[in-house]
Each structure stands twice: as structure tokens, then as C-alpha cells.
Amino acid sequence: MSLGKDLASIRKSQNLTLEDIQNAIKIPLDTIKSIEDESIFTDPSMNKTYVRSFVRSYAKVLKLNDDDVVMALDEVEAGMYSGSLVSGKENIDEYRQPYSPSKPEEKAPETSSTEPVESKPAQKPETEPPKEANKAEPIAPPEINTVNWADMGRKFTTAGKSSKVWLAISFFFIIALLATCIYIFWDDISSVINQNFSANQEQTTSQQSNQEIIIPTPVDSSAIAGESEAPSDSDTQNQSQSTAPNEPIILGDTLTVTVYAAYGQLEPVRITSDLNWRTNPFWVEDGAAYNFDFRDTLLVRGQYSRMLLLFNGHIIENPRQNYFDTAFNSIMITRSVLDQPRYLAPAPDEFPLEIGPPDSTVYRIRY
């Protein structure tokens, strides 16, 4: 038994194809196939968190119970999976049968057995005479109760409760006071934080300046001739645009999306590329742009109102409304999103928005 085969059998029973699953969850087709043949569980390059998320998203399309899927994943990781995703579902259906009326009938003899207990009130008068006898005894024991320890205990407990209440009130008062101070002096605090952050960022950028590669503009690439270095995939893509301005480009093995801080500093923007499936934060200054390479999937999370996503010189329209994936809490840009005529067309001669093109463009993830 294998989890991938069970998912595939359920998918086929619902008359769904692999393409239907891909269109629903926006995961590469190769990843979906690796789930069904279970090669994804043995791939050392795949992060377990992403594997579990992929499988749960796949199972969500099949309308499976998420708790059952999580239990099945735990069994797969422990090497103990025995088809619980399918057999467990059948057992649940058998367990949820109509309630049998035999159980209430079993309670009937219990009620009949309790009927003789009604004779117990008749015995209470027998126990009452000993109490009257105790009343006739000397009044020495009541003198001990004159201390009224119960009342004293209540005084202590009420005092303890009142002290706890005052402690809670003082605690919330201190929190409110701190929040008020932070609100009043937030401008000064934020300015100091921004100054320290900008100083640290300048140091890091100066250290990494030798490693950063700036993308040449189409004008510079056309003016340069006789270079002997072997171009990368993204360079050949730019060269194909410059050499054939009237023809659409062809997507290569590696794609490049530009994150443009068009409306303010991104602090930070978090990028995940399928080249290594690592999520890295990047602080992008206002007016700057960073390029990120990927094969099939790129995840972008940050201040969406401050950024623009560009591909081949074109603005990707409404990425948050059109391509936001709740499973990853990020915008998911895939190869299928970019493989459209409006993005494959030659880059426009002028930037389509009044805000203008980026002041500088820097590569951040490139292989």
C-alpha cells in the first residue's frame, strides 16, 4: 500500500486528471506526478514542510478530511502507512450507522432496579432519633464552633481574590501606559530604528557590491559587441528580445521575474524560488528592483501595495488578486502564468506607468 497510489485511485474515481489538479492548486505537474509515484517522499532536496503542504493541497481538491491526510503523512514518515487514507474512510462510514434503539432498552432495567430505592425515605425517621439524642448531649461541642473558622477562611479567600483583581488591574494599566508612550513617541523610535537599519544595510550592500550583477538594458546589450563570455539563460532571453524586437520570446529553462519597489521601501519582501526552495528576506529600497530566477514556481510575500512584478518588461497585472495562493500565503507565479501572449510580446519602448522604470536593477537569486 502507498499513499500516492491511494490518492491517484481517489482522483481517478472522481474523473479528475492531473491537469485538473494542477489548475486547482497551481503546483507544477512534475511535483504532482512525484506525489502519486511517491518519489517526492524520498527526494533529499525536497523540504518536508513543502512536501506535506503539497500533499494536503492535493488532497483538498479531492475533498478528503485534512486530519486523515495528516495522519497518513505521519504514517508515511514513520514507514508504517498501510492504506489508512482509504480503509479509514470506509471504517468511518461503517461507524456512523444509525443509532440502535437497543441501548435505551438496556437502561430500562436500571430504572426498574432503582424503584426499590424509593423505600429509603421511610428509613430516614430511623436515623433522625440519633440526631435528637445528640441534641440532648452537653453543649460543650458547640463552644468549639464559636470560633467560626469557615467565616475566617472566607475572609482570607475574599482578600486573596481582591488582591488578584487589583494585581490584574495594575498589570493592564501598566500595559496601557506603555502602549500610550509607544504611540506618542513612535515617530522618534521609528526614526532611530530606520537610521540604524539603513546604516547596517549600507555596510552589507557595500560588502556584496562585488558579487552583484546588474542586468544590462536593451540599449547597452545592442551596443556591446565581441564579448566572449558564455551568456546565461536570462542573458540569452534578453538578447533574443533585442535581436528580434517584433517577434515574441520563447520561454527558456530558467525564468526571471523582477520585484520593483515602485511605491515605497519593501521591508522586507520574502522570496522563495524552486531552484532551492529556501525563503529569503530582501530589503528593497524605494525605486530599486531585484531580479529572481526560477524554473516553474516563484513565491512572493510582502507589502503588495508597494511593489510591482515585471516579466520581459511587462507588468504582471493584479498578481495578488489573480495569483495569491492561500496554502502558501504568497503570490505564486508559475510558468503557465507567464506563458501568455501579452507577456511574451516584445518589451514596450517606454514604461507603461507614470511612476517610471526602476532606478537600478540587481540580481538576488541567480544560478
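## Helix 5

A residue is called buried under 20% relative accessible area, exposed over 50%, and partly exposed in between (1.4 Å probe, protein chains only). In helix 5 of this predicted model, V69, A72, L73 and E75 are buried. These residues lie on the same side of helix 5, because they cover an arc of only 160 degrees around the axis, taken from the directions from the helix axis to the C-beta atoms.

Helix 5 has 12 residues (66-77), which at 1.5 Å a residue should span 16 Å; its end C-alpha atoms are 17 Å apart, in agreement.

## Nonpolar surface patch

I182, Y183, I184, F185, W186 and I189 form a nonpolar patch on the surface, and together have about 690 Å² of accessible area. Helix 10 (149-184) and helix 11 (186-208) each supply at least two of the patch residues; helix 10 gives the most, with three. W186 is placed in helix 11 and is partly exposed, at a relative accessible area of 46%.

Five strands, in the order 3-2-5-9-8, form an open sheet with antiparallel pairing. Its edges are strand 3 (278-284) and strand 8 (324-325), each of which pairs on one side only.

Strand 2 (residues 266-273) and strand 5 (residues 297-301) run antiparallel and are joined by four bridges. I271 stands opposite V300 in strand 5.

## Basis of the description

Residues are numbered from 1 along each chain as its sequence is written. In this predicted model, local features need pLDDT of at least 70, and side-chain atom pairs count only at pLDDT 80 or more, while totals for chains, interfaces and linings use all residues; side-chain values use heavy atoms, with hydrogens and water left out.

Technical notes
Patches are made of residues with over 30% relative accessible area and no salt bridge: like charges are joined within 9 Å, nonpolar side chains (Val, Leu, Ile, Met, Phe, Trp, Tyr) within 5 Å. Accessible areas come from the Shrake-Rupley method with a 1.4 Å probe; for residues, only the protein chains shown count as cover. A salt bridge is a side-chain nitrogen of Lys or Arg within 4 Å of a carboxyl oxygen of Asp or Glu. Two strands pair if DSSP finds at least two bridges between them. The expected span of a helix is 1.5 Å times one less than its number of residues.
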